[in-house]
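Subject: Structure handover

Dear colleague,

Please find the structure below. My notes on it follow.

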Amino acid sequence: AAAPHAAQGAGAVAGGVHGGRGATRLVALRDGGAAFVRRYVHGGLLGALLGEWYWQRPPRPLRELAATEAARRAAVVAPEVLAAIVQPAFSGLVYRGVLVTRALVQRRALGDALRAAGDDEARRRWIACAVRAVRRLHAAGIHHPDLNVANLLVGARPEDAAAVLDFDRARVGDGPVGALGVALARRRLSRSIAKLGLP
């Protein structure tokens with residue numbers, strides 16, 4: 001299944017293979033932008049046993065597409081999904097999945113911004129920028145289980161809206177995320193910041 005959407009951002013330099021579970025390739029687009037092509041691959045023991053084969057329903061690419069679009073409708077900056085691909089096999093019992101997203105440009109990971117910050121006040125401003133994006137996400141009823149300094153991208157200034165990445169395991173609820181979900185997300189982000197070992 002493919003899902004085109006209105007363009008957001010352009011001008012990234014393509015080429016190379018990026019990290020994460022499985023290879024994520026950056027490819028050039030005809031409009032001068034770039035896109036990440038990510039194949040879903042299990043991690044850990046499941047990765048050794050199943051590799052890129054899944055059986056969950058609805059398929060993970062479609063769930064990630066739905067969560068990402070819900071975030072974008074709520075005015076959360078998130079990657080544009082260019083295609084969510086499901087490749088069924090064995091009479092549809094299992095599938096392989098691929099997600100293609102437009103690269104967000106002129107942004108850097110929150111972790112990089114915090115490392116480059118000159119003092120505590122600058123770091124607080126970058127963290128506040130990320131927290132604003134997380135609050136908007138939670139207000140829209142989207143629970144993102146992996147909010148960390150790599151999945152939050154910031155712009156040139158702390159006043160610019162932060163972007164949220166990786167909606168693979170995100171869930172969209174009927175109302176705002178509850179107190180427990182908010183607390184867990186804050187704890188996850190706080191641990192991620194602490195791992196940077198900043199002074």
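How many aromatic pairs does a search of the whole structure find? The search returns three aromatic pairs, where rings of Phe, Tyr and Trp (its six-membered ring) pair if their centres lie within 6.5 Å, and planes under 30 degrees apart count as stacked, over 60 as edge-to-face and the rest as tilted. One of them is Y40 with Y54: the ring centres are 6.5 Å apart and the planes at 85°, so this pair is edge-to-face. The pair links distant parts of the chain, 14 residues apart: Y40 is in the loop between strand 3 (34–39) and helix 1 (44–50), and Y54 is in the loop between helix 1 and helix 2 (60–73). Helices (H or I, at least four residues) and strands (E, at least two) are DSSP runs, numbered from the N terminus.

This is a predicted model, in which local features need pLDDT of at least 70 and side-chain atom pairs count only at pLDDT 80 or more, while totals for chains, interfaces and linings use all residues. Residues are numbered from 1 along each chain as its sequence is written, and side-chain values use heavy atoms, with hydrogens and water left out.

Y40 and Y54 are both buried (under 20% relative accessible area, 1.4 Å probe, protein chains only). Together with Y95 they form one aromatic cluster.

Strand 5 (residues 94–102) is mostly covered, with seven of its nine residues buried. Strand 5 pairs (at least two DSSP bridges) in the antiparallel sense with strand 3 over five bridges, and likewise antiparallel with strand 4 (residues 81–89) over eight bridges. R39 stands opposite V98 in strand 5, and A84 has L99 of strand 5 as its bridge partner.

Regards

Note on methods: Buried means under 20% relative accessible area, exposed over 50%, partly exposed in between (1.4 Å probe, protein chains only).
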